[in-house]
Amino acid sequence: MTYVMSDIHGKYEKYAEMLKKIEFSKDDELIVVGDIVDRGEKPIEVLRDMMSRENVTPIIGNHDLVALTVLPQLNEAILNGGEIDEKLKKTLNIWLDDGGKTTVNGFCGISSDNERREILDYLDEFLPYEAIDIEEKTFVMVHAGLGNFRPDKKFREYTEEELLFSRPEPNERYFENEDIIVIVGHTPTLTITGKAEILKSEGKIFIDCGACYPSGRLACLCLETMEEFYV
C-alpha cells in the first residue's frame, strides 16, 4: 500500500503510533509531504526513523527548507568551537521564533559529527514534489500547493516560494482532468473547516490536520483505498 502524511512537526509519538495503526511494513511505501521538523518535541527522532527506512520518501516543506539552510552553518559553528556570527545569530533567532527550537536543540545535542552530517545529507535529498500513478489516478504531492498555477506550467518552473508557501483555495481546481489529484499539507484543515480531518475538494486533498496543535491530529491517507487514519 502507498500512504501519505504531512506536517509531522516533530510529533514522534504520533508518528510512531500511526505506523503501528497502518501496520506499515517493508512492502508499503510512505510519502511525507513536508514539515517533518520544528514545533513538536522530537523532530530529530522522526528524521532518524525516516532515514532508517528505504520505503519512506520525504518531500521538502518550508520548515525543512529553513533547517536545510541554517543547520549546516550551525554545524560548522559547532565544529569550530561554537562561535556564531551575527548574521547566523539573526537568522537563527527568526527560526527559533517560528518553532525551530526543538530542531536546533535536538541537532546540537547530537555528539557524533558523522550523525549530524548524515542528517544534513538526508535533508538535502528531500524532493520538491512527487507524482505517482495508481490505477487511473495520478497523485501529485507537494508541500503547500502550486502557486501561480497555469495548466501549461512545467513542474520544474515552479519556485520554492510557490511550492512551499502557497495557500490554495479549497474551491479552486488546478487540473480539469479529474484523474489528477494534488495532495498538499502546510495549511491545517483546522483553519479551513475547523475540523482536524482530511479535506477533499476540487481535485485537491488537504492532509495537514494540525498534529502539533492541542486540538489537531496526525492524518494518514492510503492512496489505493482512500482510507483515512488519524492519531
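**Entry 1: the sheet around β9**

I began with strand β1 (residues 2-5), which pairs with β9 in the antiparallel sense over three bridges. Two strands pair if DSSP finds at least two bridges between them. I noted that this is a predicted model, in which local features need pLDDT of at least 70 and side-chain atom pairs count only at pLDDT 80 or more, while totals for chains, interfaces and linings use all residues. Residues are numbered from 1 along each chain as its sequence is written, and side-chain values use heavy atoms, with hydrogens and water left out.

I found five residues between β9 and β10 in their hairpin, and M226 in the turn has a positive phi of about 60°.

Which way do the residues of β9 point? A219 and L221 point one way, C220 and C222 the other, and all are buried. Buried means under 20% relative accessible area, exposed means over 50%, and partly exposed lies in between, with a 1.4 Å probe and protein chains only.

I then wrote down the order of the open sheet, β3-β2-β1-β9-β10, five strands with mixed pairing. β3 (56-59) and β10 are at the edges with a single partner strand each, so one side of each has no neighbour in the sheet. On average, neighbouring strands here are turned by 20° against each other, direction ignored.

**Entry 2: I207**

I207 is in the loop between β8 (204-206) and β9 (219-222). I find I207 buried, at 1% relative accessible area. What does I207 contact, leaving aside neighbours within four places in sequence? I listed V4, M5, S6, V33, I183, V184, I198 and A219; contact means heavy atoms within 4.5 Å. I also checked V46, 161 residues apart from I207 along the chain, and the C-alpha atoms of the two are separated by 18 Å.

**Entry 3: two positive phi values**

D35 is not a glycine, yet its phi is positive, about 55°. D35 sits in the loop between β2 (29-33) and α2 (43-51). N148, also a residue other than glycine, has a positive phi near 55°, and its place is the loop between β5 (137-142) and α6 (160-164). Is each buried or exposed? D35 is buried, with a relative accessible area of 2%, whereas N148 counts as exposed at 59%.

**Entry 4: α3 and α5**

Helix α3 (residues 62-79) and helix α5 (residues 113-124) have axes that come within 10 Å and cross at roughly 160°. That makes α3 roughly antiparallel to α5, a label for angles over 145 degrees. The axes are lines fitted to C-alpha atoms over the stretch in contact, with angles from 0 to 180 degrees between N-to-C directions. I recorded the crossing as left-handed: the near helix is turned anticlockwise from the far one by less than a right angle.

From α3, the contact is made by A67, L68, L71, P72, N75, I78 and L79, and from α5 by D113, R116, L120, L123 and D124.

Terms used. Helices (H or I, at least four residues) and strands (E, at least two) are DSSP runs, numbered from the N terminus. Angles under 35 degrees count as roughly parallel, over 145 as roughly antiparallel, 65 to 115 as roughly perpendicular and the rest as oblique.
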